[in-house]
Amino acid sequence: MKWKGGGRWLLLAGLLGVRLGASAQQQTTLAAQPLDSLVQLRGMVLDSAHGHPIVGATVVVKGKNVGVATDSSGKFSLLLPFGECDLAISSLGFATRPYHIDKADFGYRKQYFEPPTFYLLSGKKDLVMIVGSVGPAGPADKAETFAKVQVYFATDRQAEKTAGALTDFGTTRGRGVSYGTALVTIPGIHKKGGMERPGFFGREDPQVDVVLQSNQVLANATFFEQLRAQVARSAQPAAFVFVHGYNVSYAEAARRTAQMHYDLKFPGVPMFFSWPSQAAVESYVVDEQNAEWAQDDFKTFLVDFLTRTNAQQVYIIAHSMGNRLVARAVRDLVLERPLLAAKVQELILAAPDIDAAVFNRNIAPVLARSRIHTTLYASSGDKALKASRLAHGRYARLGLVDAQVPYTMRGMETIVASEADPEALGLNFGLGHSYIADVPLVLTDLGGLIVGRKRPDQRPSLTKVSVGGKSYWNLKPGK
């Protein structure tokens with residue numbers, strides 16, 4: 001039987017149960033319980049396909065005679081007795097599905113005012129994603145000032161030291177690949193594309209900064225068990241893997257991955273692979289050597305990940321020098337294990353610092369005959385790639401548009417970011433190199449690709465250009 005108006009019925013039944021219960025015990029209201037025995041559930045119901053709030057959706061606690069409807073902003077808040085419980089989320093046009101809150105969801109770090117973040121979902125044609133938090137009942141203004149994002153990581157950096165809840169992976173090469181999870185908080189003042197950080201002499205404050213709070217190294221079996229469980233709980237059975245570029249530390253990679261996940265409203269699991277970049281401007285040559293060294297480790301990770309994950313949509317996002325190890329590892333995987341490589345939904349090459357001729361000769365032919373969709377983001381205003389071109393004998397870089405027509409190939413969709421308003425892209429200041437993650441305009445387009453799963457002709461921010469039999473797409477603001 002198709003559901004019609006079930007959410008309202010569930011809400012009314014719950015309210016009637018509180019008022020008209022048969023026994024005195026059932027009539028006891030939550031308000032009569034001691035405040036420290038209650039927790040407050042806060043959240044927002046969103047249509048994950050479009051990011052729109054769902055008004056009038058119902059959140060019902062099974063067996064507790066408690067329910068509430070979302071307001072005009074899609075938000076809700078209700079008190080719960082401390083302990084495990086099951087929720088049912090309903091809205092007109094969506095199938096009802098349960099969500100279980102267990103003891104782990106009630107973890108609360110008072111020193112950071114950090115209520116855990118969780119996702120609830122229900123869906124038929126589209127999915128409803130509920131983003132919320134469970135924290136102590138009572139005044140909780142500070143608890144609402146930032147969100148928590150759990151990211152998964154793989155790294156071939158050497159673990160150097162552990163301080164409290166944080167293991168530091170440094171700049172030296174490790175022995176094999178380590179797996180684990182990391183907790184990053186995003187402040188309430190965060191702006192899309194921002195990476196809020198303290199000044200040179202400042203201390204991290206989760207109320208105003210993006211902070212890597214903790215991480216945990218896990219055995220391989222435990223890691224993939226947790227990863228599969230997280231994919232199953234997510235609004236969509238999807239995951240993205242971010243691979244950073246030159247001059248990036250492990251902590252920076254973790255923060256960037258969490259920020260992208262948060263800003264994209266990605267309905268799946270965020271993950272990153274961190275290779276031993278020196279995180280220093282003057283260490284470009286060392287980073288080149290380590291990127292080459294890390295290629296086999298990334299390939300080992302990728303085989304392991306694709307073999308053992310239950311994600312049905314896998315997106316790989318490589319930035320800058322990280323494209324070198326990603327492109328070569330994916331090429332080898334296509335040649336050696338094409339069916340496994342086909343599990344990659346999309347390969348995204350963002351501002352790739354790769355010799356364009358080498359890519360065209362050694363990598364492009366293999367990708368072109370694979371089943372992997374490939375998207376290239378390039379720019380003519382990328383100062384970092386201009387410096388790289390100069391350092392490499394003026395040979396063209398794949399991510400730098402230094403001719404009238406950018407690089408194109410069969411099976412690749414090329415997006416030229418620099419045709420948009422330079423100020424909107426941040427090209428009037430800085431290096432104009434990290435636009436894939438720090439420019440809202442580009443993040444919106446990337447979201448259309450990996451969240452909306454739309455091809456370029458379906459994304460309104462893009463305009464098609466055809467020159468000499470080749471086609472690419474210009475990113476335009478205000479579309």
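The structure is a predicted model.

The protein chain has 479 residues, of which 54% count as buried. Its secondary structure consists of 12 helices and 20 strands. Among contacts between residues at least 6 apart in sequence, 72% join residues that are at least 24 apart.

## Paired strands

Strand E10 (residues 146-163) and strand E11 (residues 166-187) run antiparallel and are joined by 15 bridges. The two form a hairpin with 2 residues between them. In the turn, Gly164 has a positive phi of about 65 degrees. Within this pairing, Thr155 stands opposite Ser178 in E11.

E11 is also joined to strand E12 (residues 211-218), through 7 bridges, and this pair likewise runs antiparallel. Here Tyr179 stands opposite Leu218 in E12. In a regular strand, side chains alternate between the two faces of the sheet.

## Nonpolar cores

The largest nonpolar core has 58 residues. Those with the most contacts inside this core are Phe298, Phe301, Phe305, Val326, Val330 and Phe359. Helix H5 (residues 284-308) supplies the largest share of the core, 9 residues. Another core, of 43 residues, lies apart from this one; among its members are Ala182, Phe240, Val248 and Ile436.

When neighbours within four places in sequence are left aside, Phe298 is in contact with Val243, Phe273, Leu325, Val326 and Ala329.

## Aromatic pairs

A search of the whole structure finds 18 aromatic pairs. One of these is formed by Tyr152 and Phe223, in an edge-to-face arrangement with 5.8 Å centre to centre and 75 degrees between the planes. Tyr152 belongs to strand E10 and Phe223 to helix H3 (residues 220-233), so the pair ties together parts that are 71 residues apart in sequence. Both Tyr152 and Phe223 are buried.

Phe240 and Phe266 form another edge-to-face pair, with 5.1 Å centre to centre and 75 degrees between the planes. Because Phe240 lies in strand E13 (residues 238-243) and Phe266 in the loop between helix H4 (250-264) and strand E14 (269-274), this pair ties together parts that are 26 residues apart in sequence. Phe240 counts as buried because its relative accessibility is 0%. Phe266 is buried as well, with a relative accessible area of 1%.

Ring pairs also link a cluster made up of Tyr152, Tyr179, Phe223, Phe224, Phe273, Phe298, Phe301 and Phe305.

## A covered helix and a buried loop residue

Helix H12 (residues 440-450) is mostly covered, with 9 of its 11 residues buried. The buried residues in H12 are Leu441, Val442, Leu443, Asp445, Leu446, Gly447, Gly448, Leu449 and Ile450.

Burial is also found in a loop. Thr408 is located in the loop between helix H9 (383-391) and strand E18 (412-416). Thr408 has a relative accessible area of 16% and is therefore buried, since the cut-off for this class is under 20%. Leaving aside its neighbours within four places in sequence, Thr408 is in contact with Thr414, Lys470, Ser471 and Tyr472.

Notes
Residues numbered from 1 in each chain as written. Predicted model: local features only at pLDDT ≥ 70, side-chain atom pairs only at ≥ 80, totals over all residues. Heavy atoms only, no water. Helix = DSSP H or I, 4+ residues; strand = E, 2+ residues; numbered from the N terminus. Buried < 20%, exposed > 50% of the residue type's maximum accessible area, 1.4 Å probe, protein only. Contact = heavy atoms within 4.5 Å. Pairing = 2+ DSSP bridges. Core = buried A, V, L, I, M, F, W, Y, C linked by side-chain atoms within 4.5 Å. Phe/Tyr/Trp six-rings, centres within 6.5 Å; stacked < 30°, edge-to-face > 60°.
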